[in-house]
Structures are given as C-alpha cells and as structure tokens.
Amino acid sequence: MSIFAYDFMIRALLGALITGASAPAIGTYLVQRRLSLIGDGLGHVALTGVGLGLLLHKSPVIMAVLAAAAGAVIIELVRERGRTSGDIALSMLFYGGISGGVVLVNLSDEQSSRSLVSYLFGSPLTTNRQDLTVMLILGVAVLAVAILLRPWLFAVCHDEEYARVSGLPVRTLNLVLAITTAVTVTVAMRAVGLLLVSALMVVPVATAQQITRGFRATMLAAIGIGLAVSGLGVWLSTAIDTGPGATVVLLAIAGFFVVTVGVSAWRAAGRARHRTAPAEPQPEVEAGVGA
C-alpha cells in the first residue's frame, strides 16, 4: 500500500508543497537584495511567538505570524533609518528572538515544552486540517505578493534609490516584502522548522541562478526546485525514517552541488571544444586591393 493512502501523509505532502513553492518565491527577492539570512532572524523571532502561544494556550501559528511580522517591521525601519547596520539588527533578531522563545517555553507546562521541537525542526506528519488550511491561505498570499508585485518589488530590490526617484512607494514595498518574509517563515514552520526555513528560501534560488537568465526565469525555476525537493523529501524521509525538514534541506543542498558540478563540467567541455575546433581559413586579399 502506498504511504500516501493515509490522510496524514497527504496533509504532510500538501503542506510541504505549499512551503516548497512559497519559500523560494519570496527568497528570490531576498537573494537579490543580499538578505539571505533574514529568514533565520525572523525564524528566531517567530520562536518567541510560538513560546508565547504555548504559554497562553493560544494558536502558536498565529502568535508566530504576529511576532515575526513585528520583528520584520522593526528591522526594516531600523535599516531604513541607518542608525545601525543590517548585520547588527539581524544579530539582535537572532539572539533576542531565540532567548525570548526559550524563556517563554520554560515558563509553560512540560507538555508544551516537548512540542517545541516540532516547531524548531519541522513536523509535517503532525499537520492537521486546521494547520493545512492556515498554511494554504498564507502560502497563496505569499505567492500572490511575490508574483503580482514582481515588477515593483524587483525595482526596489535591484536599485532602491532609482526606485525612489521613479516615484515608487519604496517604504511601503519594503514593509510588504518584510512582512511577507515573516509570513513565509511561519508557513514553513511545520514543514521544515524555524531553524531550517532560511535554507529553503535561499538554496533553490542559488541553484536556479546557475541555469537561468533573468529574474522571472530564476523565480519560476526556484519554485520548481522547491516543489521537487519538498515532495521528494517528505517521501524519502518516510521511507528511510529520517526527519522530514532536515531531509528536504539536504536534498536541496545536494541538488545545488549536483547542478554546480554539472554546469562547471558543461562549461569546461565547451571551452575544450572551442580550443580544439579548427580555425576558419582567412579570405585572401589580392595584391593592390586595399583592405
């Protein structure tokens, strides 16, 4: 019997596919803007939201969305004002977020403390119908922002000063991108975990950049790669009994190295063919005729 004959496996697969599509879509902008690690920072802030939700017996997903969105807005405003560097702001997100999460979880009951592991490293097999519904709504919202606002978000990520001179609402677009990134982190929380979400936002994009030209083609290829590694990772993790989130990320990294080696070999073969190709004969110039 196929493992996908069970309802919980179908929910796990659907949740992973939603994550596999939405994370690389928004990650394309982050890589373009050289903010690849912001997913880690927001993941740590989301941990504070999870801890608060467990402590207050509220929905950890909703609380994580609110906490990550607040952190995204704060770091964007700090970056815009230039009062501190982006690296320092990200460090504050890392340490403050994870410390707040640990403290809040320690204040909660023991049962909730044990369940924290599923949010840190992902637990798609425990995804229920309510979780899947929330992931679907948030995932569609992320894809809508990434695709429908692509011309404007690309302009801001490529050259913020030029976008401002062109009359685009740069601050609003920056905040939209930051909040959408926070939502993406919470969408991926069940599938790959808060500690691994940044990898799924960055690695498929880095892989796609080696085989595509143009921003749109890179985004579409990254989404395709994200879907492939997410679906295959869930299936493989069940077959060999490993952690689904870690398996998905390792497959993405393995794909990156395979593509890197393949592209390098293809380019080396092309250079070798060019060196061994016979030179074309030059046309003769008759005496007395100017070139």
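I take helices as DSSP runs of H or I, at least four residues, numbered from the N terminus. The expected span of a helix is 1.5 Å times one less than its number of residues.

I note that this is a predicted model, in which local features need pLDDT of at least 70, side-chain atom pairs count only at pLDDT 80 or more, and totals for chains, interfaces and linings use all residues. Residues are numbered from 1 along each chain as its sequence is written, and side-chain values use heavy atoms, with hydrogens and water left out.

Entry: helix α2. I looked up residues 38–56, and the 19 residues of α2 should span 27 Å at 1.5 Å a residue; the end C-alpha atoms are 27 Å apart, which agrees. I call a residue buried under 20% relative accessible area (1.4 Å probe, protein chains only). Of the 19 residues of α2, 15 are buried, so the rest of the structure largely encloses this helix. H57 follows α2 and has a positive phi, near 60 degrees.

Entry: S230. I found S230 in helix α11 (residues 215–240). S230 counts as buried because its relative accessibility is 2%. Leaving out residues up to four places away in sequence, S230 touches A16, L17, G20, L200 and V248; contact means heavy atoms within 4.5 Å.

Entry: α6 and α9. I looked up where helix α6 (residues 129–148) meets helix α9 (residues 170–187). Their axes come within 10 Å and cross at roughly 145 degrees, the axes being lines fitted to C-alpha atoms over the stretch in contact, with angles from 0 to 180 degrees between N-to-C directions. Residues making the contact include M135 and L138 of α6 and V176 and T180 of α9.

Methods
Helices (H or I, at least four residues) and strands (E, at least two) are DSSP runs, numbered from the N terminus. Buried means under 20% relative accessible area, exposed over 50%, partly exposed in between (1.4 Å probe, protein chains only).
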